[in-house]
Amino acid sequence: MIMNKKKQLHNKITQQDSHMLWSYLIYTFGIAWGTELLLIAIFNFNLLSESIELILYFTVIGFGAGMAPAYAAFFVQRSHNGITFKVFCRQIFHTPYVRRSIGYLFVFAIIQFVACVVQESYLGNPWYLFILFMPMMIFGGGLEEIGWRGVFQPLLEKRFPFLAAVLIEGIIWSVWHLPLWFLPNSTQRDMNFTSFTLYTIILGLTLAAAYRLTKCIWVTILIHAWGNTVLGGMYTLTSLNNNLNIKTLIVYGIQAAIIMLLLTYHKNNKNISAGS
């Protein structure tokens, strides 16, 4: 009987939800891959001068492909729910639990930092560059959360259990980045795709858990930006550039276990509060 109830809980996706989910994927892949394929053609056929190509690269990646999940999230919600841009922006900054959000922001930031430090080497950049890198990484990855965690993950969780939704989202998120492997100036070009995919699954788990615990999109934006700042900005990308190894698997395993313990602790506390 319990199993049947659990099964019903994850089958509450409506036809409209399903349509939103697929519309989101079409928009985000269409915008991202379309702009990236345009850049690949420009670079491969030397259609512009090097200086213009470089400017175009950062402009298109930053405001085109990088913002595709946010654009897709707005288009989908505008089409299906009729929300205005003002309401859409309010959703991003909505903070139902202020103390909890700030607390978990620091907890997940520490988890990300430790997971990076035990695997990577410090690049030697001055520590004050964190202040510079963070705003850059909000645009260079963080704003993706408006779509992936703000729209796609919650829709997936209406159909699948949490961990299954995380796994599906992580794999799709990894494939979404695929054209970057064919761009000359991209960081991903030197990465091992299998290692990157596992990383996106673990990062996806971290961000999905942060959103589940805080119900706050801006928290996931900052955690994502922080992760990109630490890994690649201040420390090396060895774990992503090389084949998977035992050390990385152990670190990811411990990270996943800690996150699941946090979710379990929160769930138990919630049940106790509800019962008292």
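Buried means under 20% relative accessible area, exposed means over 50%, and partly exposed lies in between (1.4 Å probe, protein chains only). A salt bridge is a side-chain nitrogen of Lys or Arg within 4 Å of a carboxyl oxygen of Asp or Glu. By this rule, the count here comes to four salt bridges. Please keep in mind that this is a predicted model, where local features need pLDDT of at least 70, side-chain atom pairs count only at pLDDT 80 or more, and totals for chains, interfaces and linings use all residues. Residues are numbered from 1 along each chain as its sequence is written, and side-chain values use heavy atoms, with hydrogens and water left out.

**A network around Arg149**

- Glu145, Arg149 and Glu169 are linked in a network of salt bridges.
- Glu145 and Arg149 meet through their side chains at 2.6 Å, N to O.
- These two residues sit four apart in helix α8 (residues 145-157), so about one helical turn separates Glu145 from Arg149; helices are DSSP runs of H or I with at least four residues, numbered from the N terminus.
- Arg149 also forms a salt bridge with Glu169, with the closest N and O atoms 2.9 Å apart.
- That pair links distant parts of the chain, as Arg149 is in helix α8 and Glu169 is in helix α9 (residues 162-176), 20 residues apart.

- Glu145 counts as buried because its relative accessibility is 0%.
- Arg149, at 1% relative accessibility, is buried, and so is Glu169.
- Arg212 counts as partly exposed because its relative accessibility is 34%.

**A link from α8 to α10**

- The side chains of Glu157 and Arg212 form a salt bridge at 2.9 Å, N to O.
- Glu157 lies in helix α8 and Arg212 in helix α10 (residues 193-214), so this pair ties together parts 55 residues apart in sequence.
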